[in-house]
Amino acid sequence: PLACKVATAAIEVLRDEKLAENSAVRGEQLRAGLNSLTGSTCIESVRGRGLLNAIVIDQPKMGYGDHGKAWDVCIQMKENGLLAKPTHGNIIRFAPPLTITELEIDDCLDIIEKSVKQVG
């Protein structure tokens, strides 16, 4: 059936373009860059695997929809050219595409650093 052909084609793209390998390498790059910002910015900790990552902002945990420092950082990142999703009030999630490049990760890290420093 058509659905099986589509799924097979998607798996072939993942394999042929080495997207899992890219995810592992770029994820390590992203976490290393984020970890370098802990202690000198409002980033308290970094966690993640592959390209699914999050930073914890140094403010008390709040419920969904609460506007705090994590929200402010996300708004500032948007103004600086990067979209991210705040969750639980003090956590910001990052989920870049599997095709992201080394240079694009560096650009993201520059925007994140600039944004957290602007918010304070």
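**Entry 1. Overall**

I looked up burial first: 37% of the 120 residues of the protein count as buried (under 20% relative accessible area, with exposed over 50% and partly exposed in between, using a 1.4 Å probe and protein chains only). This is a predicted model, in which local features need pLDDT of at least 70 and side-chain atom pairs count only at pLDDT 80 or more, while totals for chains, interfaces and linings use all residues. Residues are numbered from 1 along each chain as its sequence is written, and side-chain values use heavy atoms, with hydrogens and water left out.

I noted four helices and four strands in the protein (DSSP runs numbered from the N terminus, helices being H or I of at least four residues and strands E of at least two). From the N terminus on, I read the elements as α-α-β-β-α-β-β-α. The C-alpha trace spans about 50 × 30 × 25 Å along its principal axes. I also checked contacts (heavy atoms within 4.5 Å): of those with a separation of 6 or more, 57% come from residues 24 or more positions apart.

**Entry 2. The sheet**

I traced an open sheet of four strands in the order S1-S2-S4-S3, with antiparallel pairing (two strands pair if DSSP finds at least two bridges between them). Strand S1 (43-49) and strand S3 (85-87) are the edge strands, each pairing on one side only. From one strand to the next the twist averages 25° (axes are lines fitted to C-alpha atoms, for helices over the stretch in contact, and angles run from 0 to 180 degrees between N-to-C directions).

I then went through pairs of strands. S2 and S4 pair in the antiparallel sense over four bridges, and Val56 stands opposite Ile91 in S4. S3 pairs with strand S4 (residues 91-94), also in the antiparallel sense, over three bridges; here Lys85 stands opposite Arg93. S3 and S4 form a hairpin with three residues between them, and I found a positive phi of about 55° at His88 in the turn.

Next I looked for a helix on the sheet. Helix H3 (residues 69-80) lies across strand S2 (52-57), S3 and S4, and runs at about 35° to S4.

**Entry 3. H2 against H4**

Two packed helices are described by the angle between their axes and the distance between the axes. For helix H2 (residues 19-35) and helix H4 (residues 102-119) I have an angle of about 25° and axes 10 Å apart.

**Entry 4. Arg31**

I picked out Arg31, which is found in helix H2. Arg31 counts as buried because its relative accessibility is 12%. Leaving aside neighbours within four places in sequence, I found Arg31 in contact with Val46, Arg47, Gly48, Arg49, Gly50 and Asn53.
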